[in-house]
Amino acid sequence: MNSSKTSFLAVRELRKHYGSIKAVDGISFAVGPCEIIGVIGPNGCGKTTLFNSILGQIEPTSGSVSFCEETITGKSPLELSRRGIGRTFQSLQVFGKLSVRDNLIMAAQEFVGSMPMRLWMRPDAGLGERADEMLELFHLQNVAHKEAGCLAYGQQKLIDVAMAFMPAPRLVLLDEPCAGINASMVEELREILQTLNRTHGGSYVVIEHNMDFIMKLCPHIICMVEGRILAEGNPESIRSNKQVLEAYLGN
Ligand SMILES: Nc1ncnc2c1ncn2[C@@H]1O[C@H](COP(=O)(O)OP(=O)(O)OP(=O)(O)O)[C@@H](O)[C@H]1O
Ligand SMILES: [Mg+2]
């Protein structure tokens with residue numbers, strides 16, 4: 001994939017060094033509209049640091065990131081979310097004491113008008129319909145009014161992902177959405193993401209160690225090793241790449 005093509009997200013020569021640790025060391029890639037890209041690689045190869053550098057969580061050492069032809073390097077996560085870029089984290093970010101439905105509403109409230117407007121609006125900030133749509137799509141209707149913290153870990157992961165989609169983002173970066181969930185839920189999550197991509201549009205970049213999930217979901221996969229791109233291409237080419245097998249898949 002060529003990072004200079006007209007793209008939705010373009011990452012150019014991004015670096016994040018911590019002293020002698022080159023966590024991200026010159027990564028370039030592009031994501032087109034409605035495209036799904038997978039990012040794989042061994043533990044510690046810099047996948048999360050790459051996301052954090054793109055999303056303003058940490059300041060990159062060098063390089064640039066643009067979204068819809070506009071430079072966004074160094075913009076705060078809040079500014080980026082207002083431009084339609086969402087994310088999930090490697091660890092759960094669910095409010096355990098809130099109901100599942102309220103978690104979803106909370107996730108999008110930032111985007112609903114000014115503070116006085118929000119005070120005059122309905123208690124659900126007008127987001128109830130969107131929350132119900134997401135509850136149905138993520139098969140969470142039966143637990144909509146339960147406390148999120150009381151649910152099984154797998155269901156909380158689904159809530160976490162559903163929350164990222166509440167503000168109708170144009171680009172979502174998902175960091176290990178399958179971590180800790182069982183095989184049937186992995187399959188369910190893949191189908192949900194494919195349905196969302198087909199029906200709502202949006203581009204996704206997905207970090208995952210679950211190869212079955214990533215190979216079925218992502219037509220284009222980037223394999224990172226030691227902060228750099230070792231190989232990229234379609235699932236078949238990645239699966240049969242000798243260097244990828246040696247550095248990662250063969251383990
Ligand atoms: N704040 C930091 N200070 C120093 N080194 C860091 C910091 N954050 C990350 N690193 C180092 O950067 C490298 C990349 O870490 P990162 O968390 O991005 O890897 P990862 O590919 O997401 O791994 P995993 O698959 O285990 O989640 C690692 O060597 C890590 O120890
Ligand atoms: Mg990580």
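In this predicted model, the side chains of Arg 130 and Glu 133 meet in a salt bridge, with N and O at 3.6 Å. The two residues stand three positions apart in helix α5 (residues 128-137), and are therefore separated by about one helical turn. Arg 130 is buried, its relative accessible area being 17%, whereas Glu 133 counts as partly exposed at 35% relative accessibility.

A further pair involves Lys 216 and Glu 187, whose side chains form a salt bridge at 3.8 Å, N to O. Lys 216 belongs to helix α8 (residues 211-217) and Glu 187 to helix α7, so this pair ties together parts that are 29 residues apart in sequence. Both partners count as partly exposed, Lys 216 at 41% relative accessibility and Glu 187 at 26%.

Lys 216 also forms a salt bridge with Asp 212, in which the closest N and O atoms are 3.3 Å apart. Here both residues lie in helix α8, four residues from each other, or about one turn of the helix. Asp 212 is partly exposed as well, with a relative accessible area of 45%. Elsewhere, salt bridges with shared partners join Glu 13, Arg 15, Asp 25 and Arg 228 into one network.

| Salt bridge | N to O distance |
|---|---|
| Arg 130 and Glu 133 | 3.6 Å |
| Lys 216 and Glu 187 | 3.8 Å |
| Lys 216 and Asp 212 | 3.3 Å |

Turning to the domains, the protein chain is divided into domain 1, made of residues 1-84 and 170-251, and domain 2, made of residues 91-168. Their C-alpha centres lie 25 Å apart, and 20 residues of domain 1 are in contact with 17 residues of domain 2. The area buried between domain 1 and domain 2 is about 1,500 Å², with carbon and sulfur atoms giving 75% of it. Zero salt bridges are found across this interface, while three residue pairs, both members at pLDDT 80 or more, are in polar contact across it.

On the side of domain 1 that touches domain 2, at least two residues each are supplied by α2 (77-82), β7 (171-175) and α7 (183-200). Of the contributors to that side, α7 gives the most, with eight residues. Sorted by class, the side of domain 1 that touches domain 2 has 12 nonpolar, four polar and four charged residues.

Note on methods:
Residues numbered from 1 in each chain as written. Chains lettered and ligands numbered in written order. Predicted model: local features only at pLDDT ≥ 70, side-chain atom pairs only at ≥ 80, totals over all residues. Heavy atoms only, no water. Domains from an automatic or database assignment. Contact = heavy atoms within 4.5 Å. Buried area = accessible area lost by both parts, 1.4 Å probe. Salt bridge = Lys/Arg side-chain N within 4 Å of Asp/Glu carboxyl O. Polar contact = N/O pair within 3.5 Å; in protein donor to acceptor, adjacent residues only side chain to side chain. Nonpolar A, V, L, I, M, F, W, Y, C, P; charged D, E, K, R; others polar. Buried < 20%, exposed > 50% of the residue type's maximum accessible area, 1.4 Å probe, protein only.
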